[in-house]
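Please read it alongside the sequence and model.

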Amino acid sequence: MRKVPFQSVIKTLVLSSVFLALSSSAATLTKSENKALTQLKNTALQSDLSYQVLESLTTEVGHRLMGSEGDKKSIIWAQSKMKALGFDKVWTEEVTGTFWQRGEVQAKIISPYPHKIVAIALGGSIATSDEGLTAEVAHFKTLADLVAAPDNSLDGKIAFVSYQMEEHIDGNGYGPAVGTRVGGAVVAAKKGASALIMRSVGTDNNRIAHTGIMRYDDNVNKIPAAAISNPDADLLVNQLKRNMPVSFYLKLTSHTDPKVTAVSANVIGEITGSEFPDEIVSIGAHLDSWDVGTGALDDGMGVAMMLASAYHIAQLPQRPKRTIRVILFAGEEVGLLGAKKYMELHENNMANHIIGAEWDFGVGKIYKMTSGVGKNSLTAINDLATHLAPLGVELSNDNNAQAQSDMSVMSAAGMPSMNFAPDGTKYFDYHHTENDTLDKVNPEDLKQATAVYTLFAYFSAQSGVNFRK
């Protein structure tokens, strides 16, 4: 048996102790840090700050379509609010794009049974002629049915897709429905249609239509595109069931002025880290909204939650070790423009973005969290989950999360991410409609969601975990 020098044994024991200590500190917080987490949870659950911020945004600013006066006001509002809440740094990053204007809409069934129809232009749609257009309706139950139609087979008809979105707690009915909104006009134009109308991407039964972005192909003829309310889609389907030609009138004055550049900005604020200021924990939301409602749910709630979360953490006696960066993105609704600009400006230091999470979905309490981190970080995620469990948040077994919305671009660039899933059962009742207003927000649910993001941000900033590993 080979003898081992006593000094080597001591060295090995010391190194092992250091390794265990480092491993432990990477996975857990100290007693005082855990106490701070409990304090933060209680503060966030008792505070109505996030609701106050949301009330301010929806009352003093309102809707925030990129390039609009509301958008400009929101940038000033956000900077002022961050400074008033004691952020250490506040700045903006300019984001530009095209400025689309909704204009007016008229829609009605001409025959066989005349009815006025509630409709809304899809974001980015061109206008009809000044006189509007009248044409026979060609009905397709799904986008796939429209795709299957022969090219140039519609002969100037108005293509109508009647697919109805299904309601789910996690909003997974959105994907099958939104394809028509985004790409349906291009498909319909290839089939020879003069316009596209579709059942709104929504789960409500209100006579209110849902807007949202659509896309054209420069190589395909551009046609007007609009959504109609769910009850009106039912009405149109019922007329079509009678096996008589249905004539429909549509007039849109929406347009994009190619000579006008929409100028907006990401608004960014930081609570600067006390030990590792260059290491960034990102929490975010998008500041813009559609030009309907007041943008309370989409995404005013997210804006308010992120500002309140950072404020609560800033009230602790000491700044967290890492920097907490709140990013309020511009131009999300029109194509993640703010996120793309952020990546353009920060791609060289994405390695410093330790972890991130965004809110851009839901209206109820958060019930689940899913991580997207390195395998060695899962112990720390489990520790975080123990702090969130009393709030009703369950840890998913998956570890494949991307951050929501804008931050998904950062996730794709390698940023470790968290996705917090709120109850979205009723979210698409109001999504992209005039009904997206403050009264739809439950203050107690908002407190719970704010508490979740507050604990996530502090835990991530204080733990020292390398979430990439």
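Helices (H or I, at least four residues) and strands (E, at least two) are DSSP runs, numbered from the N terminus. This is a predicted model, in which local features need pLDDT of at least 70, side-chain atom pairs count only at pLDDT 80 or more, and totals for chains, interfaces and linings use all residues. Residues are numbered from 1 along each chain as its sequence is written, and side-chain values use heavy atoms, with hydrogens and water left out.

**L297**

- Helix α8 (residues 296–314) contains L297.
- L297 is buried, at a relative accessible area of 1%. Buried means under 20% relative accessible area, exposed over 50%, and partly exposed in between (1.4 Å probe, protein chains only).
- Contacts (heavy atoms within 4.5 Å) link L297 to V363, Y427, Y430, D436, K440 and V441, leaving aside residues up to four places away in sequence.
- T58 lies 239 residues from L297 along the chain, and their C-alpha atoms are 10.0 Å apart.

**Helix α3 against α8**

- The axes of α3 (residues 49–60) and α8 come within 8 Å and cross at roughly 135°. That makes α3 oblique to α8.
- Axes are lines fitted to C-alpha atoms, for helices over the stretch in contact; angles run from 0 to 180 degrees between N-to-C directions.
- Angles under 35 degrees count as roughly parallel, over 145 as roughly antiparallel, 65 to 115 as roughly perpendicular and the rest as oblique.
- The crossing of α3 past α8 is right-handed. Right-handed means that the near helix is turned clockwise from the far one by less than a right angle, left-handed anticlockwise.
- On the α3 side, L49, S50, V53, L54, L57 and T58 take part; their partners in α8 include G300, M301, L307 and Y311.
- This α3–α8 contact has 12 nonpolar residues, four polar and no charged. Ala, Val, Leu, Ile, Met, Phe, Trp, Tyr, Cys and Pro count as nonpolar, Asp, Glu, Lys and Arg as charged, and the others, Gly among them, as polar.

**Helix α10 against α13**

- Helix α10 (residues 378–388) packs on α13 (residues 443–463) at about 145°, with axes 10 Å apart.
- This crossing of α10 past α13 is right-handed.
- A380, D383, L384, H387 and L388 of α10 meet V452, L455, F456 and F459 of α13.
- Seven nonpolar residues, one polar and one charged form the α10–α13 contact.

**Around L307**

- Outside the four places either way in sequence, L307 touches V53, W77, K81, M82, L85, F87, V326 and L328.
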